[in-house]
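Please read this briefing alongside the sequence and the model. The points that follow are grouped by topic.

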Amino acid sequence: MKFFVDTAELNDIRELASTGLLDGVTTNPSLIAKSGRDFKETIAEICKVVSGPVSAEVAATDYDGMMREAEVLRKIAAHVTIKVPMTLDGLKACKALTGDGTMVNVTLCFSANQALLAAKAGATFVSPFIGRLDDIGLDGMELIREIRAIYDNYDDFRTDILAASIRTVNHVRDAALIGADVATVPPAILKALVKHPLTDAGLTQFVADWKKTGQSIL
Ligand code: G3P
């Protein structure tokens, strides 16, 4: 499973990239607004830190507008992934852009049929939103399960399932159990994946016992 971080905060991206465990970055208009920074500058800076796919979302909602914006965004770096909404215009833009060799992430996916269309449109990634389905009393993880089953039925589908709107460490585990290709995870949850109280307690004990030996490895 690949790990993307779902943020536009450069400090978090730098910290996580330095671990060598980060495969890419996703942003969206809300995350850019939260950062308070210039969109294109931010994407350019992220692309210097991370060599994997960096999702940058179009603001237009019509096909021509999306294509014009994609033209600007994809010039920022070869690993910019154009994020388009799950609409007919978005899917049309997806088909045109991927046909041209550009990576595309189809976002705001809330149903298996939508994911089927994204694969038909040649999407590089489809982003099913787990947390937002859970928020309205539906089962976000069930959607990941359905999409995995559908995509596995067809050898010609190349779209990666990018589990998005992840809110808990259990979402990451469950998406991995189902076989999502990628999880895009907020920085705090990515860092929390390593945590376990028995690890902390065990390490404290090992450090104390090592001191008792009076030895040094160096
Ligand atoms: O970037 C798309 C997705 O991960 C958004 O998550 O928490 O705003 O539903 P959230």
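Contact here means heavy atoms within 4.5 Å of each other. This is a predicted model, in which local features need pLDDT of at least 70 and side-chain atom pairs count only at pLDDT 80 or more, while totals for chains, interfaces and linings use all residues. Residues are numbered from 1 along each chain as its sequence is written, and side-chain values use heavy atoms, with hydrogens and water left out. Helices (H or I, at least four residues) and strands (E, at least two) are DSSP runs, numbered from the N terminus.

**The barrel**

- Eight strands close into a barrel in the order β1-β2-β3-β4-β5-β6-β7-β8 with parallel pairing, where two strands pair if DSSP finds at least two bridges between them.
- Neighbouring strands of this sheet are turned against each other by 30° on average, direction ignored.
- Strand β1 (residues 2-6) pairs in the parallel sense with strand β2 (residues 24-26) over three bridges, and Phe 4 stands opposite Gly 24 in β2.

**Ile 161 in strand β7**

- Ile 161 lies in strand β7 (residues 160-163) and counts as buried because its relative accessibility is 0%, the class being defined as under 20% relative accessible area with a 1.4 Å probe and protein chains only.
- Leaving aside residues up to four places away in sequence, Ile 161 touches Val 126, Pro 128, Ile 144, Ile 147, Arg 148, Tyr 151, Ala 180, Asp 181 and Val 182.
- The C-alpha atoms of Ile 161 and Phe 125, which are 36 residues apart along the chain, are separated by 5.9 Å.

**Helix packing around α8**

- For the angles below, axes are lines fitted to C-alpha atoms, for helices over the stretch in contact, and angles run from 0 to 180 degrees between N-to-C directions.
- Helix α8 (residues 140-152) packs with helix α9 (residues 169-178) at an angle of about 20°, their axes being 9 Å apart, and the two are therefore roughly parallel, a class that covers angles under 35 degrees.
- In this pair, Met 141, Ile 144, Arg 145 and Arg 148 of α8 meet His 171, Asp 174, Ala 175 and Ile 178 of α9.
- Ala 112, Ala 115, Leu 116, Ala 118 and Ala 119 in α6 meet Leu 143, Glu 146, Ile 147, Ile 150 and Tyr 151 in α8.

Key:
Angles under 35 degrees count as roughly parallel, over 145 as roughly antiparallel, 65 to 115 as roughly perpendicular and the rest as oblique. Buried means under 20% relative accessible area, exposed over 50%, partly exposed in between (1.4 Å probe, protein chains only).
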